[in-house]
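Please read the briefing below alongside the sequence and the model.

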Amino acid sequence: MCYSHLVYQLQACARHQSPPIGKKLHCHIIKTGIDQCRTLSNNLINMYGKCGLIQDALNLFNQLPHRDPISWASILTANNQANLPHLTLSMFPAMFKQDGLQPDHYVFACLVKACAILGAMKQGKQVHATFIVSPVSDDDVVKSSLVDMYAKCGLPDIGRVVFDSISSKNSISWTAMISGYAQSGRKLDAIQLFQKMPVKNLLSWTALISGLVQSGNWVDSFYLFMEMRSKGIDIVDPFILSSIIGASANLAVLGLGKQIHCLVILLGYESSLFVSNALVDMYAKCSDVLAAKKIFGRMVQRDIVSWTSIIVGTAQHGLAEEALSLYNRMLSTGLKPNEVTFVGLIYACSHVGLVSKGRYFFNSMIKDYGINPSLQHYTCLLDLLSRSGHLEEAENLIKAMPFKPDEATWAALLSACNHHRNTLIGIRVADHLLSLKPEDPSTYILLSNIYASAAMWESVSKVRRLMAAMEVKKEPGYSCIVLGKESQVFLAGETSHPAKEEIFGLLEELDAEMKRRGYIPDTSSVLHDLEQQEKERQLFWHSERLAVAYGLLKGIPGMVLHIVKNLRVCGDCHTVLKFISIIVKREIVVRDANRYHHFKDGKCSCNNFW
């Protein structure tokens, strides 16, 4: 068997990922005594790498008596494909020291890709500098890789300099630059560059739309998706569908999500794993947790993302016991939880007050799975301890955690102190928070009320002076309700809506009926120095009440009302919505800044724990 035929067969094994045949060929090469042939050795390394047998590739590479740049490019590519980019960077110095070789354009491309995967900007710039003074400094493939690296590291302007220096731009370089702008939130730059692209294909459309979804430009991503469809671009890869489903989830517009789901079925991609994962997440975020569970139940194949999506989804909807049961089912399949799974589990415990269980998951994450807790894990545990009244433990955790606590962290603890009427810790936390010179307007209102409840009027005056000096204005609360194809947004205190008289009339009727049933307004979230009547008037015009009243007036009788609110639902509105659900015999679902609330028959799914 001649060398060229063996090379062809090894390359075929690499393409089709056939390790058994590849190993047989390796045995044949050894038996025939031609294993010292560098070309065959390099192709064997490439084959093992592409077949996912990284240890075999490394063993062979280390046994080579003479290595050339192709050998190095083969093993570094194998490392990247095995998700071991750190190994790529740590091995590279030996190319100079041990083998006395200079990197070629293939090796440079591997190094740049490793830096991009790791987000290693410092090393990436070092590789770029070495490339500039190398004999291959004009190579457009390496330059395209550099554009991608700078884009992924959030430095699109440097990427653009490299992009402009490419003499022969291909679709990869165009797509990398467009994606870099889009992911960095540079919407106009991304769209303008996209319009200049000579030939647009599904990959370039996907880069633009997915990047805009990641940077929070969800509405724009939908318009572009519709434009792409109108131009007849065939969706031969379902990745763009998972991105646009994600936009529906973040917008919490169930109708849009259902339309994309119909398109998924029409195109035959419902069995795609990452599309199904996106659908589970979308339905959960759009308040239809039953649909999310149905999609999950129909999935033939599930990965850690699938399980984590349904665990987090059920947890957000107050189904903590179900979330924990799903976790046990996941473990029985042999899958190991990741960082996001534990966020969902501790979150589930937080919203039903399972303190011991939450502590267990936090410790298990470290001891059993070797996962270092992130700031988000600490925040979830702090939330659990604070909500459950373990305020001293929460305060100690903030001081001991390896992350510098921000304003939001201290404000959450202060809010819990206010809720649990713990003035001692509350004043201590308030003094510290005030020294940080907070920027969030709601923090100042919380500080003012804490000091007022302790009759510390001098501190109250100090907070008010700071508010005036900084021209602090609280972020306006707004709520959105979708009725069929109609979407309405209500601002807190809004009095200019065309249906204001009807809304006001219905709210007054409901208010009277609630008071007959024992409702007493909770004004603790309003500034303390206002008159009681003014406090109640402010609560009366909260945006979620306006949205609910509009839904009752204009919606189909009996339909579930779905509302999205940008801020946390206050305690009084939470009570009001429970009353309304039983008075009008209607289910009301509210997605606020913290969680989902399902109000039905005078009860809420959060069990008054949010």
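The points that follow are grouped by topic.

This is a predicted model, in which local features need pLDDT of at least 70, side-chain atom pairs count only at pLDDT 80 or more, and totals for chains, interfaces and linings use all residues. Residues are numbered from 1 along each chain as its sequence is written, and side-chain values use heavy atoms, with hydrogens and water left out.

**Overall layout**

- The chain holds 33 helices and 6 strands; helices (H or I, at least four residues) and strands (E, at least two) are DSSP runs, numbered from the N terminus.
- Taken along the principal axes, the C-alpha atoms fill a box of roughly 95 × 55 × 50 Å.
- Of the 610 residues, 50% count as buried; buried means under 20% relative accessible area, exposed over 50%, and partly exposed in between (1.4 Å probe, protein chains only).
- Among contacts between residues at least 6 apart in sequence, 61% join residues at least 24 apart, a contact being heavy atoms within 4.5 Å.

**Helix H3**

- Helix H3 covers residues 38-50, and its 13 residues should span 18 Å at 1.5 Å a residue, which agrees with the 18 Å between its end C-alpha atoms; the expected span is 1.5 Å times one less than the number of residues.
- The buried residues of H3 include Leu40, Leu44, Ile45, Met47 and Tyr48.
- After H3 comes Gly52, which has a positive phi near 80°.

**Nonpolar cores**

- A nonpolar core is a set of buried Ala, Val, Leu, Ile, Met, Phe, Trp, Tyr and Cys residues joined through side-chain atoms within 4.5 Å.
- The largest nonpolar core has 154 residues, of which Trp72, Ile75, Phe225 and Leu241 touch the most other members.
- Beyond its neighbours within four places in sequence, Phe225 is in contact with residues including Ile209, Ile235, Leu241 and Leu263.

**Cysteines**

- The count of disulfides is 0, where a disulfide is a pair of cysteine sulfur atoms within 2.5 Å.
- For Cys51, the nearest cysteine sulfur is that of Cys13, 6.7 Å away; Cys51 is buried, with a relative accessible area of 16%.
- For Cys570, the nearest cysteine sulfur is that of Cys573, 3.6 Å away; Cys570 is buried, with a relative accessible area of 10%.

**Pocket and cavities**

- On a 1 Å grid over the protein atoms alone, a cavity is a set of points where a 1.4 Å probe fits but cannot get out, and a pocket is an open set with protein on both sides within 12 Å along at least five of seven lines; lining residues have an atom within 4 Å of a point.
- The second largest pocket holds about 750 Å³ of space, a volume being the space filled by probe spheres set on the grid points, which are joined across faces, edges and corners.
- Its lining has 31 residues, and Lys113, Ser145, Asp148, Lys152 and Ile172 lie nearest the centre.
- Helix H8 supplies the largest share of that lining, 8 residues.
- The whole structure has 2 cavities of 30 Å³ or more.
- The second largest cavity is lined by residues including Phe490, His497 and Trp541.

**Ile366**

- Ile366 lies in helix H23 (residues 355-367) and counts as partly exposed at 35% relative accessibility.
- Not counting residues up to four places away in sequence, Ile366 touches Ile371 and Pro373.
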